[in-house]
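Below is a walk through selected parts of a predicted model. Keep the coordinates open while reading.

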Amino acid sequence: MDCCATQGLIPVETALDTLLSQVTPISLAKTLPLSDAIGFVLAEDICSPINVPPFSNSAMDGYAVRLSDLALSLTLPVAGKSFAGIPFEGEWQEQSTIRIMTGAKIPVGCDAVIMQELTSNSDGNITFDVTLSDIKPQTNIRPIGDDVSQGQTVLEKGHRLTPRDIPLIASLGINDIPVVHKPKVAFFSTGDELTPLGQPLEDGQIYDSNRYGIKVLIERFGCEAIDLGIIPDCPQTLRDVFLKADKEADVVVTSGGVSVGEADYTKDILDELGQIGFWKLAIKPGKPFAFGQLPDSYFCGLPGNPVSAMLTMYVLVQPMLAKLAGHSKWEAPKAIPAVATTVFKKRPGRTDYQRGIYSINDKGQFEVATTGNQGSGAFSSMSIANCFVVLERERDRVSVGETVNIELFNASLY
C-alpha cells in the first residue's frame, strides 16, 4: 500500500477514473446553422457531399498551355481568358495560350499553367522564358478533390467545433450541423465571508473571485454557465439553491464548504438530496473535493482557495464535462520534460501542480522556472504562469538542473 493510501488520500488518477466511470454522455442532439455551431460537439460525422475544389483550377496567375503547343514554339498568341468565376468558353485553337488567374477553372486540354513571372508579352504574343523540360504535366494545377474528396469524412462524431473547422465545413456547402446539446452547469460560491465586487470589504471579508474564474472555465470547456451568485451559510437557503440548481442544470459546481469542519450542514444537505462522496485527494493544491449525484444532476464540490478551485476545475472537472458533452476527441494535456532553472520546493505525499513559466533555450530544450509563491491563495502566480510543473507524489525538493514534467496550459486557460 502506498504512502497516499495509508494517509487516506486518493491519488488524483484514481479520483479521475472514478469520476469518469460515473458520467454518461448527453445523447440529446439538435441541428444548428453553421454560424451558430462554434463550440458545440458533433452528434454525427461530417462527410463531404462534393469534391473540393469541384473543378481543376489554377494555383497561379499566368497562362494555361498545352505541352504539345510549347513543343513547337515558346511564343504563343492569347486565345482568351479564364478568370475565377468566369471560365474560358468556346474553342481553344491550337498553337495558342489562355490567360488564367488564380482559382480559375482549367480549360479542357490544358497540361500546365506557367506563372506570369516566367513570361513576356509583346503585342499579345506571349513568350515563355522556360525550357520544355522545366514544365512537368499538371504544373500549377490543383486537381478536382485536391483538398477534400466527395464522401470523405472530414470531422468525426465527438469532435468539438473550433474556429478552424467552420470555414472547412462552409467550403463543403453544408449549412445545418447536427450537434449535442451543451451541458448546463450551475455554479455558486458559499460563505459569509464573501463580498460581491463593487462593494466595500467589511472586517474579515474577501471578494468572491472564484465564481468569475469558474464561469470562464465552464464556458471555455464548451458548456452553458448558470451563475447563481453567492450563497450565505444558511441551511435553508443553501438547500433551496441546491434544489433550484439541480432542476436547471446537468452539473452543479460549488466552491467552498467541502473541507473538514466547514459548514457541516452542507454535507448533510448533499447527503439528503443525493449520493455524494467527499474525497481527500493526493493533490496540491486542492486536497478537499466532492463528487456525486443529485436527483437530476452531477455535483462537483471544489475547495474554497482560488488556485485550488481553478486547478481542480482544470484537472478533474474539465475531462468530466468533456465526457458529458460527448467530446470523445478531448485529450488531456501532454507531459513535456523540462530542465528546472530554479528550485521547486516540495514534500513527498501529494502530486504537486506548481505554477511555472516555461521557455525554450538556444538548444531547443524546454526550461521552466517557478512563478514564486505557490500558496493556494496566491492567484497572482497563476496569472503569470504558462504551464503547470507536475511533481510526482513521492518526489522531494527539485534542484536546479533536474528534469521535471510540465503541462502547457490548454486553450481553456488562454
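Six strands form an open sheet with mixed pairing, in the order 17-14-18-22-21-19. Its edges are strand 17, residues 224–231, and strand 19, residues 275–280, each of which pairs on one side only. From one strand to the next, the twist averages 15°.

Helix 6, residues 235–248, lies across strand 14, strand 17, strand 18 (251–255) and strand 22 (298–302). Relative to strand 17, helix 6 runs at about 175°.

A second open sheet has three strands in the order 1-13-2, and its pairing is antiparallel. Strand 1 (29–33) and strand 2 (41–42) each have a single partner strand, so one side of each is left without a neighbour in the sheet. Strand 1 pairs with strand 13, residues 176–180, over five bridges in the antiparallel sense. Leucine 32 has its bridge partner in strand 13, namely isoleucine 177.

Asparagine 386 sits between helix 9 (380–384) and strand 26 (387–391). Is asparagine 386 buried or exposed? Its relative accessibility is 16%, and buried means under 20%, so asparagine 386 counts as buried. Leaving out residues up to four places away in sequence, asparagine 386 touches Gly356, Ile357, Tyr358, Leu408, Phe409 and Tyr414. For tyrosine 358, which is 28 residues from asparagine 386 along the chain, the C-alpha separation is 6.7 Å.

Notes
Residues are numbered from 1 along each chain as its sequence is written. This is a predicted model: local features need pLDDT of at least 70, side-chain atom pairs count only at pLDDT 80 or more; totals for chains, interfaces and linings use all residues. Side-chain values use heavy atoms; hydrogens and water are left out. Two strands pair if DSSP finds at least two bridges between them. Helices (H or I, at least four residues) and strands (E, at least two) are DSSP runs, numbered from the N terminus. Buried means under 20% relative accessible area, exposed over 50%, partly exposed in between (1.4 Å probe, protein chains only). Contact means heavy atoms within 4.5 Å. Axes are lines fitted to C-alpha atoms, for helices over the stretch in contact, and angles run from 0 to 180 degrees between N-to-C directions.
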